Amino acid sequence: MEWDFTLVIGTKNWSSWSLRPWYLMRMAGIAFREIEIPLRTADSPAAIRQYSPSGLVPVLKTGDGLTIWDSLAIAEFLADRFPALQLWPADSRARAVARSVSAEMHAGFRDLRIEWPMDIVGRTPRAPGEGAARDIARICAIWREARQAYSADGPFLFGRFSIADAMYAPVVSRFITYGLALDPELAAYRDTIWTSPGMLAWRQAAGEVLPG
Ligand SMILES: N[C@@H](CCC(=O)N[C@@H](CS)C(=O)NCC(=O)O)C(=O)O
């Protein structure tokens, strides 16, 4: 069956929640149409409400009338619909951990989000405050544990690309924008995401002038 997907997102430079499903679909090769709504304008709330019952983006609309208005719910829907793509790790133990770290990202790291908002084109190094530093330490522990367990299977968190990478993609952008120094193991993972085809496409569309 041919799927007919429309992904409604916010301004690419800022909309960290929108980046997740957009990046996931691009990396997985799932075709979609997109509608980008400018955020931070007087008209943004009404424009989003046209598509989203929660008043938030992203929203995925399917050709047969389904609306999904949460980034993790969109990822789960796509994993259900396209089992052959293995959007979650195939191994049940790895999958359980991938779901745990994705849920932790979805529900947490509030201080980091507030202090270091996503700004794809920005390069404004600054030290994190206490709360953001705590969040960063936890994220680094998650990345290190996953990379140490799964590096033999590939360069992504769980070896092969998975939904967990899409969930952490906005954090990669924040680390670049605010100039966080990482050790070689974590820097290699950051760079895997930052230079992946899906992220290069998003960065360019967000207005970043890419080298060469
Ligand atoms: N839990 C939601 C959160 C989505 C969210 O907070 N989206 C922000 C943009 S990144 C939004 O729509 N804000 C409304 C606005 O800026 O007008 C998800 O995972 O999709």
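Helices here are DSSP runs of H or I with at least four residues, strands are runs of E with at least two, and both are numbered from the N terminus. This is a predicted model, in which local features need pLDDT of at least 70 and side-chain atom pairs count only at pLDDT 80 or more, while totals for chains, interfaces and linings use all residues. Residues are numbered from 1 along each chain as its sequence is written, and side-chain values use heavy atoms, with hydrogens and water left out.

Next, select helix α9, residues 197-205, in which Gly198, Met199, Ala201, Trp202 and Arg203 are buried. Buried means under 20% relative accessible area, exposed over 50%, and partly exposed in between, with a 1.4 Å probe and protein chains only.

Move to serine 44 in helix α2, residues 44-49. Is serine 44 buried or exposed? Its relative accessibility is 5%, so serine 44 counts as buried. The side chain of serine 44 reaches the backbone oxygen of proline 38 at 2.7 Å. Leaving aside residues up to four places away in sequence, serine 44 touches Ile37, Pro38 and Leu39; contact means heavy atoms within 4.5 Å.

Now turn to the largest pocket, which holds about 410 Å³ of space. Select Ser15, Ser16, Trp17, Leu39 and Val57, the closest to its centre of the 19 residues that line it. A pocket is an open set of points on a 1 Å grid over the protein atoms alone, where a 1.4 Å probe fits, with protein on both sides within 12 Å along at least five of seven lines; lining residues have an atom within 4 Å of a point. Colour the lining of the largest pocket by class to find ten nonpolar, five polar and four charged residues. Domain 1 (5-85) and domain 2 (92-196) both contribute to this lining, so the largest pocket lies between them.

Finish at the second largest pocket, with about 160 Å³ of space. Its lining includes Arg93, Val97, Arg138 and Phe158. Both α4 (92-107) and α6 (130-150) supply at least two lining residues each, and α6 gives the largest share, six residues. By class, the lining of the second largest pocket has seven nonpolar, no polar and three charged residues.

How values were computed
Grid points are joined across faces, edges and corners, and a volume is the space filled by probe spheres set on the points. Ala, Val, Leu, Ile, Met, Phe, Trp, Tyr, Cys and Pro count as nonpolar, Asp, Glu, Lys and Arg as charged, and the others, Gly among them, as polar. Domain bounds come from an automatic or database domain assignment. A polar contact is a pair of N or O atoms within 3.5 Å; within protein, one must be able to donate a hydrogen and the other to accept it, and residues adjacent in sequence count only if both atoms are side-chain atoms.
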